[in-house]
Amino acid sequence: RLREILLQVKATFPDVSRVSSYCLPRNLRAKSVSDLAGLRELGLRTLYVGCESGDDEVLRRVGKGETQETSLEALKKIRAAGLKASVMILHGLGGRRLSKQHARSS
């Protein structure tokens, strides 16, 4: 779907040189490095990745459906495709009890 959007942006706004998008690590599981590189060729430059935490316990407690490992896999794939990644971590997500654990793991 993003491919079609990028093609439309390119056709409608030919001077646009870069596009950014939000994603979750799971959005990239089925995409290959080659798929992502193809999106880069169409103008995609940065993916804002909603990791929220690097701590598996915090991720499990909030029902994120991701782990530190799935987030790292997605980030490695982004880098391998020549794209930039911006990671979003939600400060305080661990609450008082898991605050330090959340910060250290993230």
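This is a predicted model: local features need pLDDT of at least 70, side-chain atom pairs count only at pLDDT 80 or more; totals for chains, interfaces and linings use all residues.
The protein contains five helices and three strands, arranged along the sequence in the pattern α-β-α-β-α-α-β-α. Its C-alpha atoms occupy a box of roughly 50 × 25 × 20 Å along the principal axes. Of the 106 residues, 33% are classed as buried. The accessible surface amounts to about 6900 Å², and carbon and sulfur atoms account for 51% of this area. When contacts between residues at least 6 apart in sequence are considered, 78% of them link residues at least 24 apart. The protein carries 20 positive and 11 negative side chains, with the centres of the two sets 4 Å apart.

The parallel pairing of β2 (residues 44–52) with β3 extends over six bridges. Within this part of the sheet, glycine 50 is placed opposite methionine 88 of β3.

Strand β2 also includes glutamate 52. In general, most residues other than glycine have a negative phi. Glutamate 52, although not a glycine, has a positive phi of about 70°. The relative accessible area of glutamate 52 is 14%; because this value lies under the 20% cut-off, the residue is classed as buried.

How values were computed: Residues are numbered from 1 along each chain as its sequence is written. Side-chain values use heavy atoms; hydrogens and water are left out. Two strands pair if DSSP finds at least two bridges between them. Helices (H or I, at least four residues) and strands (E, at least two) are DSSP runs, numbered from the N terminus. Buried means under 20% relative accessible area, exposed over 50%, partly exposed in between (1.4 Å probe, protein chains only). Contact means heavy atoms within 4.5 Å. Accessible areas come from the Shrake-Rupley method with a 1.4 Å probe; for residues, only the protein chains shown count as cover. Lys and Arg count as positive and Asp and Glu as negative; His and the chain ends are not counted. The place of a charge is taken as NZ of Lys, CZ of Arg, CG of Asp or CD of Glu.
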